[in-house]
Amino acid sequence: MILRRQLWRRVALLLLLVVGTSNLAHAASVQSLADTNWWDQLLRFLSFRDAALRYALAGSILLGLSCGLLGSFIVVRRMALVGDALSHAVLPGVALGFLWGMTKDPLAIFVGAVVAGLAGTALVTALTRTTRLKEDTALGLVLASFFAAGICLVTMIQRLPTGNKSGLDKFLFGQAAALGADDITLMAVVTTVAVVLVTLFYKELLATSFDEGFARSSGIPSAWVHHGLMLVLAAATVIALQAVGVVLVSAMLITPAATAYLLTDRLHRMLLLASGFGILAGAAGAFFSFIGRGLPTGPLMVIGASTVFAGAYFLAPRHGVVARWWRHRQSAARTSRENTLKALYHVWEDDGFRDVGVTLSALAERRRETIEEALSRSGNLMRHGLATVDRDVVYFTPEGRQRAAEIVRNHRLWELYLTNSANIAPDHVHEDAEKIEHVLGETVVRELERRLNYATVDPHGKAIPGPRDIHFDAATRAGGEKTNTGGTRE
């Protein structure tokens, strides 16, 4: 039995070697994989056998993590243009880092780019503090001037005898496939430092991001926190250049963070979501670049991040377009129902609160509508359990009558408040009350009643429904009688 198991293991190992050798022979390089089918490319991607693929994937994931994490702070601080200015300002530093040793040393380029980025942000601060220029103007000036200087330096380097082999042109649009072991090590160090610093100084970053005055009064050195954040942000921007380039790095800083911003109102959750979206975009960019036919990784990463943003833009539970459209539709429908209930109450009130229903003709006349429209609105009230219709007569249900009294109370209380407190003429308060009556909560109503000394009459001489009109006969409610308007005024 043992010998048979060993034999099968050797056969399986031999088959794996044959399959692997055939794949290697058929696809000796990443580019040649474009000639294989989609399934073979997927298996090869998941096997992580190619060193170039491993470096590109690791680099994409690391920059997605760091950009998502740090980009959240520039989004909540409304400094999105800072990311764009930083990405362009570091270009002359990249060229100077190359000129330092005439080699593409990752550390020299990193130091030069970070220094250039910090110089750019310092110049923006100096321009806004010492001149009348606003921050967006200063950012535009620094962005354009530093980028122009960087382009000139890179062009000069390209004309040097060894310039064509420098690879600095890849910093403009990025080339993840050119990432090496030294680049990945540097990216891992910067990402680790960013994660550790954000974890250690989370409270300080939270306070200075949302209320700088409170942070200063609490003894938090907000200026140092800001400069430290800019330093780490510059470093994260630099490590992303090789993969996505100067032009697109700001998109990786902003897009995952903006996506997370649509999904949550808590900063710690936003940091986690933005980091996750950044990692997802990085992995997706590397994957589709690998299985595609020569498609660039950086733009695919940005497209992946933008696709996730589009999904959040439409489908976010609270701030998405679909959710807001649905809430608006529900609110409009509720307002329409409440206006119908109010019209029924007005007719009932004009009829002396007699213990009879309201005819459709009276309701239509009150709302200046046709009988068919009044019947349609009454049917809508029936579907929501607020009224019943018997032939051509509409009756309140207990729930409908309570809500009608609340709406009328809110309307008349607000009219009285505007008349007494804001000295607005009684004939100018109706439109404001029409809007506010649907959104007044019970806490606000209690405060209005207290300030108006529990008034019982509105500016037009109409009675304001009180607690007895709203919370009427409990036995009627418990019995659920639907064919009785139940006059309670005495």
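Trainee: What is the relative accessible area of Val429?

Mentor: The model is predicted, and local features need pLDDT of at least 70, side-chain atom pairs count only at pLDDT 80 or more, while totals for chains, interfaces and linings use all residues. Residues are numbered from 1 along each chain as its sequence is written, and side-chain values use heavy atoms, with hydrogens and water left out. Buried means under 20% relative accessible area, exposed over 50%, and partly exposed in between, with a 1.4 Å probe and protein chains only. Val429 is buried because its relative accessible area is 0%.

Trainee: Which residues does Val429 touch, not counting residues up to four places away in sequence?

Mentor: Val429 lies in the loop between α18 and α19 (430-436), where helices (H or I, at least four residues) and strands (E, at least two) are DSSP runs numbered from the N terminus. Contact means heavy atoms within 4.5 Å. Beyond the residues up to four places away in sequence, Val429 touches Glu415, Leu418, Thr419, Ile424 and His460.

Trainee: How far apart in space are Val429 and Arg412, C-alpha to C-alpha?

Mentor: In sequence, Val429 and Arg412 are 17 residues apart. Their C-alpha to C-alpha separation in space is 9.6 Å.

Trainee: At what angle do the axes of α18 and α20 cross?

Mentor: Axes are lines fitted to C-alpha atoms, for helices over the stretch in contact, and angles run from 0 to 180 degrees between N-to-C directions. Angles under 35 degrees count as roughly parallel, over 145 as roughly antiparallel, 65 to 115 as roughly perpendicular and the rest as oblique. Helices α18 (residues 398-421) and α20 (residues 442-451) are therefore oblique to each other. Their axes come within 10 Å and cross at roughly 45°.

Trainee: How many charged residues are in the contact of α18 with α20?

Mentor: The crossing of α18 and α20 is left-handed, meaning that the near helix is turned anticlockwise from the far one by less than a right angle (right-handed if clockwise). The contact includes Glu406 and Arg409 of α18 as well as Glu442 and Arg446 of α20. Ala, Val, Leu, Ile, Met, Phe, Trp, Tyr, Cys and Pro count as nonpolar, Asp, Glu, Lys and Arg as charged, and the others, Gly among them, as polar. Besides five nonpolar residues and one polar residue, the number of charged residues in this contact is six.

Trainee: How many nonpolar residues does the contact of α13 with α14 have?

Mentor: The axes of α13 and α14 (residues 297-315) come within 7 Å and cross at roughly 130°, which means that α13 is oblique to α14. This crossing is right-handed, and its contact residues include Phe277 and Gly285 of α13 and Leu300 and Gly304 of α14. Apart from five polar and no charged residues, the number of nonpolar residues is nine.

Trainee: Leaving aside neighbours within four places in sequence, with which residues is Glu338 in contact?

Mentor: Glu338 is found in helix α15 (residues 321-350). This residue, Glu338, counts as buried because its relative accessibility is 4%. With neighbours within four places in sequence left aside, Glu338 is in contact with Arg403, Ile407 and His438.
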